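Grab a pencil and work through the exercises below. Try each task on your own before you read its solution.

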Amino acid sequence: MGVSGSGKSTLGRALGAALHAPFLDGDDYHTPQARARMHAGHGLTDADRAPWLARLRAELDAQGRVVLACSALKRTYRDALRAPGTRFLYLDVPEPLLATRLRQRPGHYAGADLLPSQLATLEAPQRGEHDVLTLPVTVGTTPAGLLAQALTVLKVT
């Protein structure tokens, strides 16, 4: 979980491969209307996200063990995805690094113009969210290093 440009999809693909689990990218479940809204630099509302979260929850229920890349920016969104055994990895990335990453990925519907709304919506993990594990990401963090961190905090060998 994390804002656009945090590395969710990159880590999710690698984690899915390492765990021999299917990988689902939450981006693939947005409607064309939601994608167009985000491409225009407008964040989604709770009402926009509700059917998306329901689709993701249904996929999680159907799949069993799965790795999902999903923003899950608010606790209520995470609550909609929670089930026994669910764990979240929060990719905590400094804003300047996020902005740089978003500017370097042309063609993606979630560009740098979306970052302010993503950060305004973000609710970092709160007390009592024991299923949320934070992974700090810096300029020097490599995808392989992030995967190693993830496997360590998940206690997977």
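**Exercise 1. Describe how helix 1 and helix 7 pack.**

Step 1. Two packed helices are described by the angle between their axes and the distance between the axes. In this predicted model, helix 1 (residues 8-19) and helix 7 (residues 143-153) meet at an angle of about 55°, and their axes lie 10 Å apart. Here the axes are lines fitted to C-alpha atoms over the stretch in contact, with angles running from 0 to 180 degrees between N-to-C directions. Helices (H or I, at least four residues) and strands (E, at least two) are DSSP runs, numbered from the N terminus.

Step 2. Now put a word to the angle. Under 35 degrees is roughly parallel, over 145 roughly antiparallel, 65 to 115 roughly perpendicular, and the rest oblique. Helix 1 and helix 7 are therefore oblique to each other.

Step 3. List the residues in contact (heavy atoms within 4.5 Å). Helix 1 brings Thr-10, Leu-11, Ala-14, Leu-15, Ala-18 and Leu-19, while helix 7 brings Pro-143, Leu-146, Leu-147, Ala-150 and Leu-151.

Step 4. Sort the residues of this contact between helix 1 and helix 7: ten are nonpolar, one is polar and none is charged. For this sorting, Ala, Val, Leu, Ile, Met, Phe, Trp, Tyr, Cys and Pro count as nonpolar, Asp, Glu, Lys and Arg as charged, and the others, Gly among them, as polar.

A note on reading the model: residues are numbered from 1 along each chain as its sequence is written, and side-chain values use heavy atoms, with hydrogens and water left out. Because this is a predicted model, local features need pLDDT of at least 70 and side-chain atom pairs count only at pLDDT 80 or more, whereas totals for chains, interfaces and linings use all residues.

**Exercise 2. How many salt bridges does a search of the whole structure find? Look at some of them.**

Step 1. The search finds eight salt bridges, each being a side-chain nitrogen of Lys or Arg within 4 Å of a carboxyl oxygen of Asp or Glu.

Step 2. Start with Asp-25 and Arg-13, whose side chains meet at 4.0 Å, N to O. This pair joins distant parts of the chain: Asp-25 sits in strand 1 (residues 23-25) and Arg-13 in helix 1, twelve residues apart. Asp-25 is buried at 9% relative accessible area, whereas Arg-13 is partly exposed at 49%. Buried means under 20% relative accessible area, exposed over 50%, and partly exposed in between (1.4 Å probe, protein chains only).

Step 3. Next, Asp-46 pairs with Lys-74, their closest N and O atoms being 3.0 Å apart. Asp-46 belongs to helix 3 (residues 46-63) and Lys-74 to the loop between strand 2 (67-69) and helix 4 (75-81), 28 residues apart. With 40% relative accessibility, Asp-46 is partly exposed.

Step 4. Finish with Arg-82 and Asp-79, whose closest N and O atoms are 2.5 Å apart. Arg-82 is partly exposed at 22%, and Asp-79 is partly exposed at 40%. A network of salt bridges links Arg-78, Asp-79, Arg-82, Glu-129 and Asp-131.

**Exercise 3. Is His-20 buried or exposed, and what is its phi?**

Step 1. Find His-20 in the loop between helix 1 and strand 1.

Step 2. Its relative accessible area is 75%, so His-20 is exposed.

Step 3. His-20 is not a glycine, yet its phi is positive, about 55°.

Step 4. Compare Lys-155, in the segment after helix 7. Lys-155 has a positive phi near 60° and is likewise not a glycine; at 73% relative accessibility, Lys-155 is exposed.

**Exercise 4. Which residues do Ser-71 and Leu-98 touch, leaving out those up to four places away in sequence?**

Step 1. Ser-71 lies in the loop between strand 2 and helix 4 and is buried at 9% relative accessibility.

Step 2. Ser-71 touches Met-1, Gly-2, Lys-8, Arg-49 and Trp-52.

Step 3. Leu-98 is part of helix 5 (residues 95-103) and is buried, with 1% relative accessibility.

Step 4. Leu-98 touches Val-3, Ser-4, Gly-5, Ser-6, Val-93, Leu-115 and Leu-119.
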